[in-house]
Amino acid sequence: MKNKRKVRFFLSKITGLALILMLFAGNAKGQEGEKKTVTGTVTDVQTGEPIVGANIWIKETTKGTITDFNGNYKLISDGIADVFVVSFIGYANMEVAVGDKTVIDFKLESDSETIEDVVVVGYGSQKKESVIGSISTIKVANLKAPVANVSSSLAGQLSGVVAVNRSGEPGQGSEFYIRGISTFGANKSPLVLVDGIERDIDLVDPEDIASFSILKDATATAVYGVRGANGVILITTRKGEEGKPKISIRAETGFISPTQMPEMVNSYQFAELYNEASESEFYSPEVIQKYKDGSDPDLYPNVDWINTLYKSVARNKRANASVSGGGTIAKYFVSGSYYNEGSIFKSDGSNDYNSSISYSKYSFRANLDLALHETTTLSINLANVYEAKDAPGEKRDLIWQYTFRTSPNAFPARFSDGKFAGPAQGSGYNPYNLLMQSGYTEEYKNSAQSLIALDQDLSELITPGLKANVKFSWDAFNMNVLTRKKAVEQWLATGRDEEGNLIYNQTNKGAETLSFATDSYGERTIYLEGSLVYSRLFNDVHRVGGLFLYNQKEKNVLTATNSEGALPYKNQGIAGRVTYSFMDKYFVEGNFGYNGSENFSPGNQFGFFPSGAIGWMVSSEPFFERFTKVIDVFKLRGSYGIVGNDKIGGSRRFIYNATINRPVTGYTFGENHSYYSGIRVGEWPNDNVGWEESTKLNFGFELSFYSKLKIQGDLFKEDREGIFMQRQSLPGYVGVTTTPWVNVGKMENQGFDGSLEYSHSLGDLHLTARGNFTYTRNKLIDTDQPDYEDLYRNREGKPYGQQFGLIAMGLFESEADIAAHPEQQFGPVRPGDIKYRDINGDGVVDVKDEVAIGHSVIPEIVYGFGATAAWKGLDLSVFFQGVGNTTFMMGGEAIYGFSSGNVTQSNMYEDVYYNRWSVDNPNPNALYPRLSSSYNTNNTRTSTFFQRNGSFMRLKNAELGYTLPKSITKKIHMNNVRFYASAVNLLTFSSFKLWDPEMGGGQGQGYPPSQIINFGVNVNF
């Protein structure tokens, strides 16, 4: 019993701690009288167990206290008119007038709907047991990680979410999809709604989130009509709670390092490889020795470009403070946060500017709820996010490109006498100059968000259970990029004079001043919504619910450069839902959306998107009673419906209008075929253009064992039609100069997702575990492509992003091996070159032998699992995340070796040096083929030879914390103090070792994902 009190006491500090600030709360008092001390206890009405950490305060004031470990409290009353209010998480609030009492005991009743029994759904909420749509939720604490963006925390956290983080660059988010990819059209991302308004997920601070839900099937998403086909993410932000003020402060700082950096060859390894590839002594033994001993680094440089340009550690820091509370008239939640992250980019201290990447984010939120009447509530939500990012003047992609391309012996990063090195004109760039001497860029983003909502309870005016809501939002986004750029004077040393001084050729005159360029973007979005919601229980048997909603949205691009782009983007529609349950045992639900877009032709702008679902709480049946001691919840559910996607792409608006190109050349007249200019149709009009239409089918179940282990699973199938694409099957004799865009594409997606949760207590030890699994497999049904001559080469019937290539059979061992093999028509081959399989048996190996190999770079399997343990003041949590059924192709100069044809632009992985085929190591199973001094057309074909398994598993998050005992925090006038150390991407398990497998294919060129170790403190007053 005592252990349960401690757990509850800990929870209460997180949700009901005393604050030093009270905003908008009334301070009116009743009749004054003689002050007196009132004591009492707070207990559970059913168990009689004391409630530890309950909040007791005098109504309409900031005066209050909390119960101790025995549920006792003491509070000084100002008069007989005072009213004491008690609240505690999971219980209904209770009020008692003081009068002449000096002892007041409170017995609280459970209010389970305040914790877990309410689920946020489209345009509302439902009792958890009555939800029959496919919805995944997550505890907000699991999204709080020492990263800049919420999207970077999603991987492996929720069933149904496929998320990959390709880059660790400061401020960069992750790409994520719900139940994988179901379209090859322009928009594959889910709809993200924050407090019901479409907004960027990465503009929400995790500390401000109250609930996080993912809507996956048609029943959950149909109300969003043309916007819901890719799934919906619902985020609600925190609100104030009636009670005395609560303050929470979190501060943390830590270290960021790459999960893995490439290991490249040094200069003497490079020289040996080039001599081998060119079959010459291009680099003499004397030169190679100078590379080794470093006796003349100006003429014989040995530059590790990775270590020269990038650091191994950067810093980050975060601070967040929030204040919440309120009275019966007003409740408030106010928060502010700051996040800063440095980068691994180095900067040259000789400049008066810093060219490294630095990212800062400032967030502010104020949510206010005003009770205008006991049935009327006015809500105002204001938020602002300001982002600032400093970066080099040159593009980061170019910096990474030449880091991987530039040979270690091409030139020094900078000559010993201070001159800047650079190649001859047209021979590339010095990556040192690109990063540290190219100037700097400043990027500023400001997102202002506002929402005002009015809730009216119509139960007394019209009928019980009826409520109305009106919501209006006004958002603005502005971005400015300022670039100050230059090229420095650069030289290339060609030798030394008689006195030993370097002899230079100037390769770039450079500039003495920084140039200036600016770019900007701005948009404004207005949204209006009105709804009626009905919910009522008749005779404790019939639970009926309903929703009818109207909304409209208008977005203006304020920096449009043409008249078409300056026209507003508009959406409008209505939505409805009807729910019914009988004895909370049998459930029926119907949803619809009727909405459209101004981008489609008049008469075709609106569409109807219905869905239906049924559910059965099997565990409520009499015949199941004998199993309920073990299986306390068993629910089956199924849904079917249609949803749309109106962001179809096509690179232009108003596709139903033709475009005219003029003047053009290309019209041929007369016997001499003379060309004349004229006017012709550009883009062909399409009056029937419309949205993608997604038909979704879902079957799910929910199980709970001993009220400790909860399991949920869903089988799903989706058919997407009307994918907008350019025709692929029009023959040339049709005579069109541009290929028309039409809604003809089709795709299929199906799979399974599920999750489990477990909790158990053993004395002072409290354990929880959770896991989730998602499997998705899509298939292209119709891409309007004619059949290949060899049908096995068709893309239709294969997954989206399926890799195609040759099947490698190892390396040729000898000339006899080459002669005995079918002829490979990709250029001449020699021993050590890649041998490919003749798939169709026609005696030659050519493009007709390319088949589906491996998978896609988007994983088909995503999973996560973890556990937490708490013992007294200590707590430990770990979470693993992984992906499977994904492959990628290696390629590029650093993999192929000398493929650029330029000896100064041929940097290479060290792995090539140690694992290549060579005359001295004629291993037919070597990891890399024979090196050539120029581009080898045979060895650079896309094939299984350079295909790698992209599966991995990470220790994604780990955290160790310690909460100070109450005996200590009470002395320092704090309610809760917790110190913690956390880590992100601490360990990675993968068969691939050259770079972080999550980056995908190519040559690992780019900012790697980050490993983070943080230390922080969380204080509550």
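Student: Where does Val 313 lie?

Tutor: Val 313 sits in the loop between helix H5 (305-309) and strand E18 (314-326). Helices (H or I, at least four residues) and strands (E, at least two) are DSSP runs, numbered from the N terminus. This is a predicted model, where local features need pLDDT of at least 70, side-chain atom pairs count only at pLDDT 80 or more, and totals for chains, interfaces and linings use all residues. Residues are numbered from 1 along each chain as its sequence is written, and side-chain values use heavy atoms, with hydrogens and water left out.

Student: Is Val 313 buried, partly exposed or exposed?

Tutor: Buried means under 20% relative accessible area, exposed over 50%, partly exposed in between (1.4 Å probe, protein chains only). Val 313 is partly exposed, at 40%.

Student: Which strands make up the open sheet with mixed pairing?

Tutor: Two strands pair if DSSP finds at least two bridges between them. Here the order is E22-E25-E26. Strand E22 (420-421) and strand E26 (502-508) are the edges, each pairing on one side only.

Student: How many bridges join E22 to E25, and how many join E25 to E26?

Tutor: E22 and E25 share two bridges and run parallel. Phe 420 has Gln 490 of E25 as its bridge partner. Six bridges join strand E25 (residues 490-496) to E26, and that pair runs antiparallel. Trp 491 stands opposite Gln 506 in E26, and Gly 495 opposite Ile 503.

Student: Which residue takes a positive phi in the hairpin of E25 and E26?

Tutor: Gly 500 does, near 90 degrees. This hairpin has five residues between the strands.
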